[in-house]
Amino acid sequence: MLERVLRLAIILAIFAALYIAYWKVRSSSRSHADEPPPWRDSRVLVLAAQVAALGLIWSAADYLWANFRARTSDIGLELDFRFLDQPSGISIADNPLNSNAAIREALTQGVRNTFLIIIVGIPLAVMFGTLIGIARLSTNWLLSKIATVYVEFFRNIPVLLVIVLTWTIFLNAFPPARISWLPFGETFIFNNLRFGFPSIVSGNNFGTFQIVVLLGLLAAVALWIWRSRLFDRTGTPHHRVLYGLGTFVAISVAGFIALGGPFDITTPEIIDRVYVGGVTMIMPYAAVMVGLVLYTASHIAEIVRGSILSVDKGQVEAGNALALNSFQRYRFVILPQAFRVAFPPLINQFLNYTKNSSLAFAVGFAEITGVIQNLFGQSRPAPQLLFILMVVYLVFSLVLSAIGNVINRRLQIVGR
Amino acid sequence: MIRRGNALKRTAGVVMALSLVAAACSSSSDGEAESTTGVSAVTEETTAGTAADTSDAADDVVVTQSAGGRLAAVQAAGVLECGGNDTLPGFGIIDADGSFSGFDIDFCKVIAAAVLGDSEAVNVTPLVAAQRFPTLQSGEIDVLIRNTTWTASRDGAEQANFLQTTFFDGQGFMVRADSGIDTIADASNTTICVLTGTTTLLNLNAVLGDRGIPFTALEFESNDELQPAFVAEQCEVWTSDASQLAAFAATLDIETSILPDIISKEPLGPVVADGDTEWAQAVNWAVMATIQAEEFGITSENIGSFADSEDSGIRRFLGLPISDGDGNEVIAEVGLGLPTDFASNIISQVGNYGEIFERNLAPLSLSRGPNALWTDGGLMYVPPFR
């Protein structure tokens with residue numbers, strides 16, 4: 001290490017000497033005679049400091065990398081990615097992944113499971129957290145105290161504990177599969193391994209029906225835009241939800257009747273331990289999701305509360321002066337302004353949520369961290385797998401940040 | 001004129017800067033070359049350092065090095081350094097008073113009794129799974145007896161020398177006693193709890209996949225979550241090494257049964273470092289003596305009654321004098337470097353294989369199974385002691 005620093009110092013000294021010589025030659029001509037020497041020239045000094053810092057960082061990184069390479073070649077560790085094509089040997093619960101499939105496919109399924117935690121959980125956490133945040137400011141004493149206790153409870157215990165707690169509650173609150181709880185006339189299944197829900201199966205003309213539904217959706221969007229524009233132009237109440245939803249439902253129902261019942265509803269049942277019909281969700285997934293949402297919502301609630309309090313009191317009074325009721329005041333006056341403040345810290349919570357999802361494997365849900373931990377145990381090379389893991393979380397985080405930034409920009413007041 | 005001069009100077013400046021960059025580049029590439037050699041020098045230093053450390057450690061035994069390495073070193077030190085487990089009931093666990101006990105620990109005592117004549121001259125170092133081979137390679141321990149499975153890659157890549165298997169284990173399945181599952185074939189479409197990152201999971205997928213038994217593997221990071229999941233019937237089946245299942249079954253409040261199916265071979269036994277045949281042989285024959293003793297029917301209780309045995313095989317085994325026909329009494333020397341009475345020390349101080357098994361594993365309701373003597377249809381078979 002010392003050797004490297006010395007070498008770096010010598011190279012920099014040569015640079016400095018050459019530059020000083022250059023300055024000497026230059027300042028001998030009359031037109032440049034008034035230039036200060038380099039050691040008193042602030043531009044040169046700032047640049048030199050930056051070059052030296054960069055050189056130090058580079059030397060340190062190079063040293064560590066060379067050490068790493070020497071060590072890995074000592075113990076004969078290959079640093080390539082060919083192992084990705086070998087059969088993984090592992091399996092993932094309730095995932096069709098074959099245990100002879102390549103490692104890259106196992107990793108893909110891990111990323112998919114992480115994605116499933118994020119895409120469902122973040123909207124839930126935002127909605128729930130917002131409600132709790134509003135509840136904390138409620139004038140209803142009981143409601144605000146309940147919200148306060150909730151926030152203080154979940155905000156102050158480690159997230160891993162929350163997940164294991166949810167899992168333990170689910171594990172013991174729901175019966176084992178052989179005596180599953182079948183509420184609502186056996187249309188649902190709840191046991192401590194899986195939850196089953198009714199679902200749609202395609203019948204006659206299902207493809208056509210899908211097109212009809214899509215057209216209904218397009219018509220609804222068109223109406224929504226038209227009503228919004230009309231409102232902006234003339235101030236006529238837009239009722240865009242009514243118009244849009246009405247059109248969509250009307251077209252869908254008409255299509256359903258005209259096509260003679262293009263889909264059926266199946267309910268799940270268990271026959272000889274096999275789940276038939278409906279859709280099932282594995283309990284650890286639900287437990288992880290609920291745990292993460294409860295935890296993240298407690299943080300979001302505080303952000304929402306703070307943002308609402310940051311809205312000027314005059315805005316509330318203005319709302320009151322316009323005779324808006326409490327819902328309208330929140331919907332049209334306070335929340336739009338509060339969300340502008342809340343959004344940047346919310347993005348942070350989304351990123352935390354994403355990273356916390358890596359704790360899911362403690363309770364048996366194999367998302368990407370779980371899959372990679374599993375592969376470590378099967379003597380797969382750790383450096384490459386860790387690298388992949390970091391890239392995966394980096395990509396998730398960057399995409400979330402990018403989406404968040406776009407939304408954030410649109411939320412900001414357009415300056416004039 | 002002035003302008004041209006300026007241009008000239010500017011060109012000169014550019015050329016100079018370029019040459020500087022070139023110099024920097026070449027010097028940096030030199031630097032790289034140097035740095036590579038620098039690193040290899042560092043590596044050599046570390047290797048040299050380790051070598052020096054090892055020789056330091058070996059300095060204590062340098063006198064006996066020529067007389068046969070580790071066997072003599074252990075005898076000179078007067079204590080056997082044994083690597084073991086401290087968390088596995090029945091095999092290696094730390095007691096309330098801080099002493100170690102268990103099946104594997106007893107074999108440490110067997111070796112101490114054979115080599116040193118004192119079964120208590122053992123110092124057990126508790127090791128986690130990942131530490132065991134590095135510790136063995138470094139020479140910190142003389143022998144490793146820590147429910148370690150003998151595999152080709154460990155024999156090869158880990159520079160380990162596996163000796164007589166003391167326990168033939170295998171991956172098994174545990175179910176609730178009232179589950180109605182009698183063999184693994186009944187377990188189709190069940191959920192099977194397994195630890196993540198283990199060969200157990202690989203065996204499970206491979207074997208049940210080959211047999212066409214559909215199942216859901218529910219993978220846990222530790223037994224802290226796996227055990228409640230099994231108790232709450234989240235999974236109907238728990239798979240692990242059969243001996244470990246038996247150990248856990250003894251701690252559960254529910255009635256369980258272990259299925260007869262064993263889907264993998266897990267031979268567990270003592271391990272020494274490669275490169276010291278004399279030491280390996282001494283350890284091996286010490287361990288095998290317990291099995292031979294059971295075959296002879298010699299126990300720690302009845303060993304005294306064999307002092308005047310007529311059986312020359314038993315007399316030779318126990319190091320008792322044998323008449324040569326001319327009225328001279330001679331004691332057979334087998335040339336293992338062990339005392340001639342090593343077997344009787346082992347049996348009187350620790351016991352034979354059956355006694356060790358009964359003492360440690362019978363309380364876990366483990367049956368002998370493949371660990372019975374070959375004369376009883378098991379796999380315990382040792383070469384003759386002559």
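The model is a predicted one, in which local features need pLDDT of at least 70 and side-chain atom pairs count only at pLDDT 80 or more, whereas totals for chains, interfaces and linings use all residues. Residues are numbered from 1 along each chain as its sequence is written, while chains are lettered from A and ligands numbered from 1 in the order in which they are written.

Seven residues from domain 1 of chain B and four from domain 2 of chain B make the contact between them, where two residues are in contact if their C-beta atoms, placed from the backbone, lie within 7 Å. On the side of domain 1 of chain B that touches domain 2 of chain B there are five nonpolar, two polar and no charged residues; in this classification Ala, Val, Leu, Ile, Met, Phe, Trp, Tyr, Cys and Pro count as nonpolar, Asp, Glu, Lys and Arg as charged, and the others, Gly among them, as polar.

Chain B as a whole holds 13 helices and 17 strands, both being DSSP runs numbered from the N terminus (H or I over at least four residues for helices, E over at least two for strands). Of its 386 residues, 39% count as buried, a word used when 20 or more other C-beta atoms lie within 10 Å of a residue's own, with exposed meaning 12 or fewer and partly exposed the range in between, and with C-beta atoms placed from the backbone. Among the contacts in chain B with a separation of 6 or more, 72% are accounted for by residues 24 or more positions apart.

Within chain A, one pair of helices can be followed in detail. Two packed helices are described by the angle between their axes and the distance between the axes. Helix α7 of chain A (residues 206-234) packs with helix α8 of chain A (residues 240-258) at an angle of about 160°, with axes 8 Å apart, the axes being lines fitted to C-alpha atoms, for helices over the stretch in contact, and the angles running from 0 to 180 degrees between N-to-C directions. That angle makes α7(A) roughly antiparallel to α8(A), on a scale where angles under 35 degrees count as roughly parallel, over 145 as roughly antiparallel, 65 to 115 as roughly perpendicular and the rest as oblique. Residues in this contact include F209(A), L223(A) and W224(A) of α7(A), as well as Y243(A), F248(A) and I251(A) of α8(A). By class, the contact of α7(A) with α8(A) has 14 nonpolar, six polar and two charged residues.

A helix pair in chain B is arranged in another way. Helix α10 of chain B (residues 277-296) and helix α13 of chain B (residues 353-360) pack at about 100°, with their axes 6 Å apart, and α10(B) and α13(B) are therefore roughly perpendicular to each other. T290(B), I291(B) and E294(B) of α10(B) meet Y353(B), G354(B) and I356(B) of α13(B) in this contact, which by class has three nonpolar, two polar and one charged residues.

Some single residues also deserve a look. Most residues other than glycine have a negative phi, and most peptide bonds are trans. A323(A), however, has a positive phi of about 65° although it is not a glycine; A323(A) lies in the loop between α10 (313-321) and α11 (326-356) of chain A, and it is exposed, with 7 other C-beta atoms within 10 Å. E233(B), likewise not a glycine, has a positive phi of about 60° and is found in the loop between α8 (223-231) and β12 (237-241) of chain B, but E233(B) counts as buried, with 20 C-beta neighbours inside 10 Å. In helix α3 of chain B (residues 70-77), the buried residues include R70(B), L71(B) and V74(B), and just after α3(B) the residue G78(B) takes a positive phi of about 75°.
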